[in-house]
There are 2 protein chains.
Amino acid sequence: MDDQRRSAGGATHAAPTGARSVYFVSDGTGITAETLGNALLANFPTQVFRRHTVPFVDTVEGARTLVAEIDRAAANGPGPVVFTTVKAPPVREELTRARAALIDLLGGHLVELEGALGTTASEQLGRYHGVGDLEQYFARMRAVEYAIEHDDGQSHRALELADVVIIAPSRCGKTPTTMYLALQYGLLVANYPLTEDDFPTDGLPRAVAPYAERCFGLTTTPLRLSQVRHERRPSSEYASLAQCRLELRRAEDLYRRTRVPFLNSSTKSVEEMSAVILQSMKLRD
Amino acid sequence: MDDQRRSAGGATHAAPTGARSVYFVSDGTGITAETLGNALLANFPTQVFRRHTVPFVDTVEGARTLVAEIDRAAANGPGPVVFTTVKAPPVREELTRARAALIDLLGGHLVELEGALGTTASEQLGRYHGVGDLEQYFARMRAVEYAIEHDDGQSHRALELADVVIIAPSRCGKTPTTMYLALQYGLLVANYPLTEDDFPTDGLPRAVAPYAERCFGLTTTPLRLSQVRHERRPSSEYASLAQCRLELRRAEDLYRRTRVPFLNSSTKSVEEMSAVILQSMKLRD
């Protein structure tokens, strides 16, 4: 297909240096290939990779164009690595022609699964990441809209419908975690800030007290909170280490007194916090 | 460890019927195991599965408890299938004791990758789904807050900072797509509704016209839009097929006239739309 380039990138090429090109190739969005590929690459922390995500490779022609690109990278650097979740055999076959190590993240496991189930995979190959039915889409859309409406205690409307109410001092990670739970799981999630005004009383803030059993608290370290707050309001009292320490101590006392489960967000990603909340609130089996 | 249960679930058990238990087992959030496992299961559309996601299995004790649960499922139904992304060898080893087909989604590929890179994997096994550094967390948080502020044309503040401005008639999927791009990629995304008022003129709505090259349009099918709008306002003029057809035709005419790239959201998931937008706007390499 492209002989000139092929020979230009032949085996006599000088020892390659620099970053190794890595391709995440998918017939869908590329998210799975990217996630699993990165999980594998993380085991080689001293290597330098140049990452490329290539979604929607679902034709032989598309694969051929990509193979030409990979071969150019092979000619100019260390041998590329290709992670793929492409399902159609002719497209996969085309990808094997690239001058690269091909790691097929699905193919081999499909054979294992056929063995476990004692049956062969359906010819119409499975789609995933699909909306599925309209109902699921509605649930997701409703959840995102609910999250926007109830961000930072802005609204108390229909708070009784919330699957989870996340409570925490300002800047502990309430908003991104809320949005992730809504988008990824279609859950109705409200969040409510714990401010100075909420601490004189003994219990939970009045607005969320009726839903105590659905509350989940966040905390963090004073240093981390101070860093995050400095980002928003540099050198303010609000961002001072003393103020952060005070608010976090009060919040943690409140969680303990009211038996609200909580977690420290300082070393956790949004995905990890969401998974802990789901498990702790028994929102998935 | 649990001999009584083990023998109760022995090989003499009557031919199992009903749903087959499937476990997605991870030492992290379980998202990768779930996504890839479901992609594989989608190839067996006639089978019935009972799915369980088990995150944070990172100790031998945790694995042992889970193995007991899997063995109970094995005693009461068709042979379970376990998809795992657990990395620590002793924990993986423990999982192999379960009376189930174990599909190790990472282990084999790690060996392939070692071959491709000509080196061995680091002993401190890679973490993924991590926040990484504070900067990345800030970017994500900022992006979600920006998306909330700019949802549905609510604010024009700092619109010049937007990486993407999604435009579409009401209920075409702007909000969830916006939020996904913000959360997943840390992009600044605004969205702007195309209403009746926006069509008399020749070009884009005045608020977004200065950012024409960053606009991306959504459309859908009249039937789908009508279904989605009925959900919000049943039997309204707004939800009528005629009104939906009219608004979508006008929107598509506008996209073509102003050379705004657009896509039809009717058969696409939020993830797929986001991937198309990223690619089309060249927001990832």
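Here is a short tour with two stops, one in each of two chains.

Before you click, note that this is a predicted model, in which local features need pLDDT of at least 70 and side-chain atom pairs count only at pLDDT 80 or more, while totals for chains, interfaces and linings use all residues. Residues are numbered from 1 along each chain as its sequence is written, chains are lettered from A and ligands numbered from 1 in the order in which they are written, and side-chain values use heavy atoms, with hydrogens and water left out.

**Stop 1: chain A**

Select A:Ala168, A:Pro169, A:Ser170, A:Arg171, A:Cys172, A:Gly173, A:Lys174 and A:Thr175, which an unreviewed UniProt entry lists as "binding site". UniProt positions are given in the numbering used here, feature names are shortened, and annotations may be inferred rather than shown by experiment.

Now zoom in on A:Ala168, in strand E5 (residues 164-168) of chain A; strands (E, at least two residues) and helices (H or I, at least four) are DSSP runs, numbered from the N terminus. A:Ala168 is buried, at 0% relative accessible area (buried means under 20%, exposed over 50%, partly exposed in between, with a 1.4 Å probe and protein chains only).

Jump to A:Lys174, in helix H7 (residues 174-185) of chain A. A:Lys174 is buried too, at 5%. Draw a distance from the backbone oxygen of A:Ala168 to the side chain of A:Lys174: a polar atom there lies 3.3 Å away. Beyond neighbours within four places in sequence, contacts of A:Lys174 include A:Asp152, A:Asn191 and A:Leu218 (contact means heavy atoms within 4.5 Å).

**Stop 2: chain B**

Switch to the open sheet of chain B, where four strands follow the order E2-E1-E3-E4 with parallel pairing (two strands pair if DSSP finds at least two bridges between them). E2 (49-54) and E4 (101-104) of chain B are at the edges with a single partner strand each, so one side of each has no neighbour in the sheet.

Next, color E1 (residues 20-25) and E3 (residues 81-84) of chain B, joined by four bridges. B:Tyr23 has B:Val82 as its bridge partner in E3(B), and B:Val25 has B:Thr84. Turning to the other partner of E3(B), four bridges also join it to E4(B), with B:Val81 opposite B:Ala101.

Which way do the residues of E3(B) point? B:Val81 and B:Phe83 go one way, B:Val82 and B:Thr84 the other, and all are buried.

How values were computed:
A polar contact is a pair of N or O atoms within 3.5 Å; within protein, one must be able to donate a hydrogen and the other to accept it, and residues adjacent in sequence count only if both atoms are side-chain atoms.
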